[in-house]
Amino acid sequence: MRRLALLLLLIASAASAQQPVFRWGGDAEGGAPFVEADPSDPLKLRGFDVEVAEQIAKGLGKRPEFHQVGFADIDQSVQRGDFEIGMSGVEDTPARRRMLAATIPYFEFHEVLTMRAEDRGKFSTLAALRGRRIGTLGGTIAYELVLAAEKTDGVIVVSYDDDVHPYADLRAGRLDAVLLDNVIAVRSMRRVPGLWTEPQPVATGHYIGVLATGNTALRDQVNDILRARMRDGTLERIYRKWGIWDAYQPAFFAGVLNAEAGAKAAESSHPSQNLDIVLRYIPALLRASLITIVLSCAAMGLAVFAGVLIASGRVYGSALVRVLLTIYVEVVRGTPVLLQLFVLYYGLSSVIRLPAFLAALLGLGLNYAAYESEIYRGALEAVPRGQLEAARTLGLSESQVLRLVRGPQAFRIALAPMTNDFVALLKDSSLVSVITVIELTKQTSIFAANIGSWVIPGILCAALYLALSLPLSRLAGRLENRWRAATE
Amino acid sequence: MSILSIANLRLRRGEREILRGVNASVAAGELVALMGLSGGGKTTVLRCVAALETFEDGVIDVGGVELRPGPPPLRATIRELRTRVGMVFQLHYLFEHLSVMDNVTLAPVQVAHVPRADAERRALDLLETLGVAHRRNALPRELSGGEAQRVAIARAMAMEPPLLLMDEPTASLDPARRSELGETLVQLTKSGRTLVVTTHDDDFARDFATRVVILAEGEVVEEGDPRQVLTHPQHEATKRLLQSAWSEKKEA
């Protein structure tokens, strides 16, 4: 009897879970008012995008189910079918409309310039910021605007992966202005004191939902629901609740509802100018490769230099020196390099404000120094004791033994693992994009976001990395052979 | 006149007593063969004299430089000792990363600050005397065992130490090479060097040594004229040593 009851219970619960789900994706790291974890119950989400998604699900007769995805990956993720619709502050761009099935816009925002309060009124346009540093979120309309202004107005673009650090860096003096959506600007001004946002917008943009290319049937359903919610005031209520309803929205709503017919005709121009875009991006990719090369070489130089010192200290130093260096090596090897970069760039910014490139160089160099030091220590200890004793009986001092016999022999032992490390460093250098250095991988992902496909950028990027790492491996192989070969 | 004197040398490693009061004295110009079964402490005695080992008790005096137990000797003492004692290792330990020529000139140039050209001229003379001048540009790993040994001798001789220690130079040499080596060593003593050589080979000791010292279980048990000691052994250990050498030769 009890078994039967249990079975019935199971069936009942399965049935309730069987209400069809509407999967939507967004980035909860984007935070309020878009999508954020509810502070009172972190398992729940809240935000205006959450409520719009709930409205859409309700209209479809489904249960909303949230899928977390990085902001920059929403397009790729929806395209490969991780969820039906992506929406957390997704901007309406021609590239998106070309590559994906886009919904009608459901919110109008403005790109606005934020500056330190003491600069109030100084920079009302991008042109007024000639020679100054402007921060923004990579891969957005704002980024494209600043990038264009870099050419025409000589401003300096600094790209971020999130929208919190630009404002912190602005306050800290690393930037002169931030160009981002007014929603983000308003929120950031609450968080970071002493900022001022120019009321005159630089540009206008819209948030849309994106669906996979072929999914137009569902898209049209979603559009109908969005229009209905515009008409019946549901969206206005949601926007008011989140404090983002402004004077622009009524006109925007009216425009969207009037353009009902025209919108469908506007799209479906297919990717034919891709080759053109690829050619346009090649110089940027080459420049980014140069940054990758310079950064990797300089970081490796630092890693070798510091690694030799650490290894010598650990082999020859006093007990205290050995303990301190061991702690350094273990801490550095035991924590992610990403974390170290964050700490170096953002964590220490109240003590010392390192320029991004220098922070990247120090972060990677000092991280790899720990690994190099282990290679050198192993290599030093691998030199046979007999070699050292032979040198001592000839009268060489301990420092001469290290310099003339132990060091050179250890170097030959260390060469192969060192080359491996250099190739690894070359690839790890892509991590520095988190502290606003645009190197090869970051440039590629911007490229991919703009054309809406990873295929060509991915191949180009891989080819460039291989072009950098293959000669290196070959060179090391040749060096090793030269030492092995007879000098006769 | 004694160039090396060892008094009551005791050395212990953990529980094992390796040297139990070794006493020995070597006069200038001698070629002393230090003999004994494996594990008897021959190599350890050489390593103590070359200050590569610390010891528990006793005094080693090399031409006025004294080594004693306790804290490691002063750097100046070590430097002084190095000018008096050279060493050729059983496995040679030529510097793998340097050519034959650079192996021989390293110490003269870096330690004695001889101009490189002079050091190379002298090295070439030495290598010629030892019959390996044609290998001067080779790397150690390209040398045969016999060639490597001569280069190792040249390297030690380049610093002109009055006393040269050689560990098992006859091991792994065929009889023809062995007598060549013997003659080379005799030549060296004629030019004023003193040699202390550990060996298993009683024929070699009989033919070339001026004196033989038998070491067994960490003590000197017998010493004297090689022909006398090795033909009429007095001590059990010497007899066992000769027996084992004889059976080794029979197998070969």
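In chain B, strand β3 (residues 31-35) pairs with strand β8 (residues 194-199) in the parallel sense, over five bridges. Across this pairing, M35(B) stands opposite T199(B) in β8(B). The model is predicted.

The sheet comes next. Strands of a sheet pair through backbone hydrogen bonds, either parallel or antiparallel. In chain B, six strands form an open sheet in the order β6-β7-β8-β3-β9-β10, and its pairing is mixed. Strands β6 and β10 (219-224) of chain B are the edges, each pairing on one side only. Neighbouring strands of this sheet are turned by 20 degrees against each other on average, direction ignored.

Now the nonpolar cores. The largest has 83 residues. Touching the most other members are V32(B), V49(B), A154(B), L165(B) and I214(B). Helix α5 (residues 145-157) of chain B gives the most to this core: seven residues.

Leaving aside its neighbours within four places in sequence, V49(B) is in contact with L4(B), I60(B), V62(B), V85(B) and L165(B).

Last, the two chains meet. In all, 23 residues of chain B are in contact with 17 residues of chain A. On the chain B side, α2 (75-84), β6 (85-88) and α3 (100-110) each supply at least two residues. The table sorts this side by class.

| Class, side of chain B that touches chain A | Residues |
|---|---|
| Nonpolar | 13 residues |
| Polar | six residues |

How values were computed: Residues numbered from 1 in each chain as written. Chains lettered and ligands numbered in written order. Predicted model: local features only at pLDDT ≥ 70, side-chain atom pairs only at ≥ 80, totals over all residues. Contact = placed C-beta atoms within 7 Å. Helix = DSSP H or I, 4+ residues; strand = E, 2+ residues; numbered from the N terminus. Nonpolar A, V, L, I, M, F, W, Y, C, P; charged D, E, K, R; others polar. Core = buried A, V, L, I, M, F, W, Y, C linked by C-beta atoms within 7 Å. Buried ≥ 20, exposed ≤ 12 C-beta atoms within 10 Å, placed from the backbone. Pairing = 2+ DSSP bridges. Axes fitted to C-alpha atoms, helices over the stretch in contact; angles between N-to-C directions.
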